[in-house]
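Visitor: Hi, I'm new to this one and would like a slow walk through it. Could you show it to me before we start?

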Amino acid sequence: MTAHKPIVVGVDGQSALQAVTWAAREAVYHDAPLVLVTVTSAFGDPGVPAGIPARFFDDKELDARKRLAKAEEFARAAADGHDIDIEIARGTGSPAHELLERSKTARMVVIGSNRYGPVERALLGSVSTAVVTHAQCPVAVVRELPHTEVTEIVGPVVVGVDGTANSEPAISVAFEEAAQRHVGLVAVHAWSDIDLDLAGWRGSGFEWEEQHTREMALLAESLAGRAEDYPDVKVQLVAVIDRPVHNLRAQAERAQLLIVGSRGRGGFASMLLGSTSRALLHSVTCPLIVAR
């Protein structure tokens, strides 16, 4: 049951405010409590020099209080008059560890992401990647946008469907999110995970038209149960021959939310984050939910 589980959002400064705004709207959609979490350093934490003066920690504590107060202000404004239950939480140590611990009892964890350059993407941080990879609930990654408020993004909800049980959590989340937002749902399925041009398949006599019909039937079957549960959600089916990352990214450019599973059809139990999810994590502009 997720009815009373909170939505947890990490607050790490100015870059997290769009994530806070998005998370507050999500709390309104689902009538869920909102937990604003920030983490500060403490004496004895890894990486903290042994001789650092006590005032350093006092200043960090004051900064944390200010961050949380501003985040609560943004959350209340984003709730747009709806009464949401907001909890303020301060931790010490590793931000990733704190959020992962809270993911055990959360409905969703929300984290912000800056517009990183190539080097920063390669290092992406430690926090974003660790939380998306190891969390025990869905994780939403909300990218900071320079000229647009995240809540002003319009369009449908898009979900990636691979035709296996690995997609089921993403499909469930996608229908619920589309219903709460009163928007349509675009379900995207790729027959092949590899680029067939590079593999030399195209022009070899393969008839995609016939296979396309079968893939559309598979996609419709994957959605059938949820579609009956959400009759007001208008669904558009999209089956493509290959390059799921490319096609999902293209659909996401016109969407307000993209949802994918944590593992693809080739994933095995110990693979915590599939290649498609990992690639989209660093490249889409709209909010992304990795469901599990």
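Predicted model: local features only at pLDDT ≥ 70, side-chain atom pairs only at ≥ 80, totals over all residues.

Visitor: What do Arg102 and Glu98 form, and how far apart are the closest N and O atoms?

Guide: They form a salt bridge, with the closest N and O atoms 3.0 Å apart; the term asks for a side-chain nitrogen of Lys or Arg within 4 Å of a carboxyl oxygen of Asp or Glu.

Visitor: Is Glu98 buried or exposed?

Guide: Glu98 is buried, at a relative accessible area of 16%, whereas Arg102 is partly exposed at 24%. Buried means under 20% relative accessible area, exposed over 50%, and partly exposed in between, using a 1.4 Å probe and protein chains only.

Visitor: How many salt bridges does a search of the whole structure find?

Guide: The search finds 10. One of them joins the side chains of Glu26 and Arg181, at 3.1 Å from N to O, and that pair links distant parts of the chain, since Glu26 is in helix 1 (residues 17-30) and Arg181 in helix 6 (residues 168-181), 155 residues apart. Both Glu26 and Arg181 are buried.

Visitor: Changing topic, which residues touch the most other members of the largest nonpolar core?

Guide: That core has 45 residues, and Trp22, Leu34, Leu36, Val110 and Ile259 touch the most other members; a nonpolar core is a set of buried Ala, Val, Leu, Ile, Met, Phe, Trp, Tyr and Cys residues joined through side-chain atoms within 4.5 Å. Apart from it lies another core, of 36 residues, including Ala96 and Leu100.

Visitor: And where is Val284 found?

Guide: Val284 is in the loop between helix 10 (275-281) and strand 10 (288-291), and it is buried, with a relative accessible area of 5%. Leaving aside neighbours within four places in sequence, Val284 is in contact (heavy atoms within 4.5 Å) with Arg143, Arg249, Ala252 and Leu258.

Note on methods: Residues numbered from 1 in each chain as written. Heavy atoms only, no water. Helix = DSSP H or I, 4+ residues; strand = E, 2+ residues; numbered from the N terminus.
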